[in-house]
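Subject: Structure for you to look at

Hi,

Here is the structure I promised to send over. Have a look at it first, and then read on for what turned up.

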Amino acid sequence: MEAKKLKAGIYRAVLRLNSAEGIELPFNYEWKYEHKKPVMIIHNADERIRVDEISLQGDSLIIQLPVFDTEFHCKQTENGLEGFWINHYRTTAQRIAFTSVYGESHRFSPSQGLMKNVLLGKWETEFSPGTSTTSKALGLFHQVEGTDQVTGTFLTETGDYRYLEGMIKDAHLYLSAFDGSHAFLFIAQVTENKLQGQFFSGTHWKEDWVAIRNDNFSLRDAEQITSIRNPDLPFEVSMKALDGNTVSLSDARYLNKPVIVQLMGSWCPNCMDESRFFSEIYKQYNSQGLEIIALAFEKTSDPQKVQQQVTRLKEKLNISYAILLPLVSGKDKAGELLPRLSGITAFPTTLFLNRQHQAVKIHTGFSGPATGADYEVYKQRTENLIKHLLQE
């Protein structure tokens, strides 16, 4: 393959979100060869994303991102790659210019001065402050001891912003993440107790944000956002699964068993994190009677496209529980399809059903591994609940 000419090693990549304003989103990746086949490993803080669907079409290198329906179309240059990241979920602004350079391991340009420990603690964050669409988040950051390097994330009531990585430079905070679905860039001016700046998501979204240090701040309880009408009645789901068969909670496979019902989508990074967790949970507890059903709300209603996207998700994450295909998109349509649920605000939204299939808990969003302690608490609480439901 022509791609073998690309040097193995670390690269610094840039997505040009706004060339006129010089807004660039940097990330790093490693290029290597396994059994003579090229592999790209994308780096975001502690996260490593393995990309091995790489092919040559004409003189273009096509790099298909895992799970998500996005890809790089690029050509080799003397020192790296040049081309576009194409996001097929979007109908507009779906192509973002992309370049990478071999041998550069920094993410943002190095700073001259060092600001120490200014990000300690919790940060009460507001996106789009002073507008009708304002929303709250909890900022959690970690500065590597003795360096200007920063990692962290934002927790929201609908999930987290996953693995952010960057630095403090000249009294400004710079953080970015590229996971194949989302391209996030945060820039903020830093003072002792305040962060104020802008958030960019790809080329289509830009908003102001501000954060104040507040160790007492917390978000709404994720178990109090979505509710169920008539909670004493058993919950019911019936629709076609990925294999073409109709699956219902009244099927013999699910009768008198506790069931987790996961509202998710293959396009959703938080759903991907939750699905990885549930895949391991299913392997551990299925033999004891636990069942899981996922409802995949995709960005398209095209059955062939849905089948392709969800199959990739199932294979990449090694999911062995049933995935059903509603063939509708969005939270509003999910609410219409599941009228007993009130207040569906996010994917994922997850129902925990007892042996009678009554909902004992509904959890909105997912705090993934990038959130550290919050993720560990969620895992422990979830396993405790599963054990309790199995013992009933």
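The second largest pocket has a volume of about 480 Å³. Lining it are 24 residues, and Arg220, Ala222, His363, Ser367 and Asp374 are the closest to its centre. Bear in mind that this is a predicted model. At least two lining residues come from each of strand S12 (149-156), strand S27 (359-364) and helix H4 (373-391). H4 gives the largest share, four residues.

Which residues of H4 are buried? They are Tyr375, Tyr378, Thr382, Leu385, Ile386, Leu389 and Leu390. These cover an arc of only 130 degrees around the axis, so they sit on the same side of H4. The face turned away from that buried side carries the exposed residues Ala373 and Gln391. As for what covers the buried residues of H4, the list includes strand S22 (259-264), H1, strand S26 (349-353) and S27.

Helix H2 (residues 303-316) can be read in a similar way. Its 14 residues should span 20 Å at 1.5 Å a residue, which agrees with the 20 Å between its end C-alpha atoms. Val306, Gln309, Val310, Arg312 and Leu313 are buried in H2. Because their arc around the axis is only 150 degrees, they lie on the same side of H2. Over on the other side, Pro303, Gln304 and Glu315 are exposed. The cover over the buried residues of H2 includes strand S5 (53-57), strand S6 (60-64), S22, strand S23 (291-296) and strand S24 (322-324).

Now for the largest pocket, which has a volume of about 1300 Å³. It is lined by 40 residues, with Tyr161, His182, Phe184, Ser201 and Trp267 nearest its centre. Among the elements giving two or more residues to this lining are strand S8 (80-87), strand S11 (135-143), strand S16 (183-190), helix H1 (269-285) and helix H3 (330-337). By type, the lining has 15 nonpolar, 17 polar and eight charged residues.

Cheers

Key
Residues are numbered from 1 along each chain as its sequence is written. This is a predicted model: local features need pLDDT of at least 70, side-chain atom pairs count only at pLDDT 80 or more; totals for chains, interfaces and linings use all residues. Side-chain values use heavy atoms; hydrogens and water are left out. On a 1 Å grid over the protein atoms alone, a cavity is a set of points where a 1.4 Å probe fits but cannot get out, and a pocket is an open set with protein on both sides within 12 Å along at least five of seven lines; lining residues have an atom within 4 Å of a point. Grid points are joined across faces, edges and corners, and a volume is the space filled by probe spheres set on the points. Ala, Val, Leu, Ile, Met, Phe, Trp, Tyr, Cys and Pro count as nonpolar, Asp, Glu, Lys and Arg as charged, and the others, Gly among them, as polar. Buried means under 20% relative accessible area, exposed over 50%, partly exposed in between (1.4 Å probe, protein chains only). The arc is that of the directions from the helix axis to the C-beta atoms. Contact means heavy atoms within 4.5 Å. The expected span of a helix is 1.5 Å times one less than its number of residues.
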